[in-house]
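Hello,

Here is the structure I promised to pass on. My notes follow below it.

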Amino acid sequence: MSAAFRISLIYLLLASAWIWLSDSFAYLLPIPDRWAAHVQSIKGGLFVVLTAALLYWLIRTEERHQHDLQAELRQTRVKLEHFVDASTSVIYAFEQRTAAPRLSLSYVSANIERLTGYAPDYLYQHQSIYWERLHPDDQEMVRVRLKRSMQEGAGFTLQYRWRHLDGAYRWIEDRSSISRNPDSGLIELIGNWRDITQLKQDQLLLQITEERWRFAIDGSNLGLWDWDVTAGTVFFSTRWKAMLGFEEHEIGDQISEWSDRVHPDDLPAVQGAFQAMLADPDAYFRSEHRIRCKNGDYIWILDQGKVVERDERGGALRVIGTHTDLTELKRRMAAEETIQHLTQHDTLTNLPNQSVMRDRLGRALAQATRNDEALSVMFMDLDRFKNINDSLGPTAGDALLVAVAERLTESLRQQDTVSRQGGDEFTLLLPGVDAEGAAHLAQKLLAGFAEPFPVAGQLLVVAPSIGIAMYPNDGQEVDALLQASDLAMYRAKREGGSTFRFHTADMHQRVSKTLYLENELRKALRREELLLHFQPQVSLTTGRVVGCEALVRWQHPEMGLMPPAEFIPVAEDCGLIVPIGDWVLRTATRQCRAWQQAGLTDLVVAVNVSTVQFRQADFAQSVQQALVAADLNPRYLEVEITESVMADDPERAIHTMLQLHELGVQLSIDDFGTGYSSFSYLKRFRIHKLKIDQSFVRDLNTDSNSASIAEAIISMAHSLGLSVIAEGVETEAHARWLAEHRCDDAQGYLFARPMPADQFVAWLASPAASEAAIKAST
């Protein structure tokens with residue numbers, strides 16, 4: 001109800017009441033007729049006065065009411081403007097003032113200056129600035145959306161960039177609603193602007209962080225899990241499921257999906273570690289255990305987790321963690337441990353090998369020198385062992401050696417070392433033992449060996465010959481002590497065996513024999529008594545002969561054909577190994593070139609190089625000279641070296657190998673696993689091939705350890721990009737096993753024995769070669 005209508009209504013009611021009541025009252029008064037006109041005049045005057053007073057009071061009351069309303073409105077507006085100014089949002093209003101589809105800014109809150117740098121008055125006067133400051137890449141999007149909203153009469157929410165007065169762009173969130181005036185039909189746009197620049201920066205940072213996190217997780221090949229303890233559900237990532245061989249939909253969201261698959265033997269430890277993490281706010285969960293895959297196999301995983309959310313009482317609410325597949329790592333570690341063990345231990349007796357013995361002896365000597373202690377070295381050889389080996393066979397001989405090794409180990413202290421040097425020879429290192437103690441131990445060993453050894457269903461008695469060398473009288477270095485004990489052992493053997501002798505200076509007979517062989521070897525080079533035999537190397541994939549190994553022989557005029565084991569050690573000791581090795585290189589390369597000229601173009605000749613020769617500073621130059629002299633492509637020459645080349649100076653060995661590699665010569669490690677080796681050096685060597693020693697090949701089908709070792713060598717070699725050849729292949733069963741386990745090549749008596757060059761060529765053309773191919777490929 002308006003104020004005018006209210007005042008008029010009050011006036012009408014009071015005026016009507018006055019007229020009716022005043023007339024009735026005047027009619028009741030006993031007034032003469034002549035006074036009637038005066039009474040009416042008085043009544044009218046009073047009416048005017050009373051109505052004037054009434055109007056004044058009504059209008060005055062309304063004015064006060066309007067004044068109060070205006071004050072309240074002003075106060076409310078001030079509060080609203082204060083609220084808006086304190087807000088992060090800017091309130092605005094646009095209106096359509098003409099029929100043209102153009103909006104004009106009609107209101108904007110004062111806090112617009114914080115958002116844009118411009119005061120409201122400036123924006124009212126320069127309304128085109130809105131489009132001028134809008135980012136060029138966003139203008140089309142804003143125009144299209146605004147036009148569609150005006151056509152549809154619907155509000156919108158937009159995010160765009162607007163350039164501040166300081167020149168920097170701010171991200172703006174624009175929310176608006178559109179209404180249409182029912183009388184004029186013109187549009188009114190009301191909304192708010194909000195600065196979301198920081199939000200955009202945070203979102204970008206979060207996106208970058210998430211991308212980095214996802215890249216790190218994907219690159220690390222981790223499986224993720226997230227356990228909501230309250231809900232009792234677990235999120236398993238796609239990688240977690242794939243790690244076990246499952247598709248996305250095949251794994252649910254229960255904790256049992258994990259716990260039920262843990263290996264029963266591992267479950268108690270896993271549960272204990274998990275409960276410890278739940279109970280201790282600072283604890284992490286870490287466990288290596290086996291978990292069952294979809295196919296039923298178990299894989300090794302590293303499971304790690306952490307409680308990331310707890311309630312007010314410390315109870316776990318959320319736990320997150322990762323799975324890492326350790327299976328391949330475990331396999332490699334096992335293979336490396338096996339190879340490492342092989343390089344340091346005798347494969348038959350599992351005793352430390354020569355390299356380990358030399359290392360321990362060197363350290364024991366250093367300690368004995370520091371502490372002025374005694375030290376004894378024993379060298380032991382079994383008397384008439386060859387007779388047992390020949391009569392009962394190599395299997396019985398090997399069993400006897402194993403039994404001997406066990407009995408020796410049982411007779412020694414924990415700090416002592418017993419090593420098999422090869423064949424039936426053993427070396428014993430006894431730190432802190434003087435001559436008297438060594439004699440007592442020797443007597444104890446002799447007495448122990450009097451007890452028969454149960455071998456192959458028989459009781460065998462074998463006696464040792466023992467030589468003893470003492471530090472410091474018989475030597476103060478490793479080689480001196482080992483040589484002294486060796487000489488002492490030969491003295492004991494010469495005196496009938498089954499006894500022990502200390503080292504003495506009188507070793508004339510043995511030295512004379514050594515000198516005789518040395519002189520004869522020097523003559524052999526001049527008389528051309530050395531010759532080469534060649535043993536074929538056959539591919540187990542194609543059955544084709546891919547090469548041969550050149551093996552030196554000595555045709556002595558009196559002692560007959562001597563194998564290298566009988567004269568190569570003497571040659572190494574006296575320095576003749578280098579000229580002998582050079583002769584082998586030159587002869588082998590010439591022969592290979594001659595075969596090529598005769599039509600045998602694909603054969604690779606392997607030459608076994610001694611450690612002494614390989615360590616010569618000009619060895620690579622000697623190889624190059626031999627190749628040039630023979631006019632042979634380097635790729636048809638393979639240099640075989642033993643693991644011992646890395647024992648003393650691995651860096652020099654690596655340097656020589658690099659030189660040979662640059663020449664184009666192939667390199668292989670002979671008798672791999674039987675000597676000194678180091679995985680860290682092996683991966684640095686520029687080699688092409690590993691040769692499995694015949695001691696492993698011989699028992700492939702009867703000894704699971706030999707088979708496992710051979711399989712590990714093949715797997716390790718292939719993982720390093722190397723090929724593998726097995727020597728000593730004597731049966732078709734050997735060849736089948738090697739072929740099935742992806743060994744590349746083989747050589748041995750199954751295919752052919754070493755033979756002179758002319759016989760080798762004849763063999764290649766004979767049915768025997770075809771039979772060898774069949775044996776290799778079946």
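Are Phe-760 and Trp-763 buried or exposed? Both are buried, where buried means under 20% relative accessible area, exposed over 50% and partly exposed in between (1.4 Å probe, protein chains only).

A word on the basis: this is a predicted model, in which local features need pLDDT of at least 70 and side-chain atom pairs count only at pLDDT 80 or more, while totals for chains, interfaces and linings use all residues. Residues are numbered from 1 along each chain as its sequence is written, and side-chain values use heavy atoms, with hydrogens and water left out.

Back to that pair. The ring centres of Phe-760 and Trp-763 are 6.4 Å apart with planes at 25°, so the two are stacked (Phe, Tyr and Trp rings, the six-membered one for Trp, pair with centres within 6.5 Å; planes under 30 degrees apart are stacked, over 60 edge-to-face, the rest tilted). The structure holds 23 aromatic pairs. One aromatic cluster is formed by Tyr-92, Phe-94, Tyr-130, Trp-131, Tyr-160 and Trp-193.

Now the interior. Buried residues are 42% of the 778 in the chain. Leaving aside neighbours within four places in sequence, Ile-713 is in contact (heavy atoms within 4.5 Å) with residues including Ile-339, Leu-342 and Phe-672.

Best wishes
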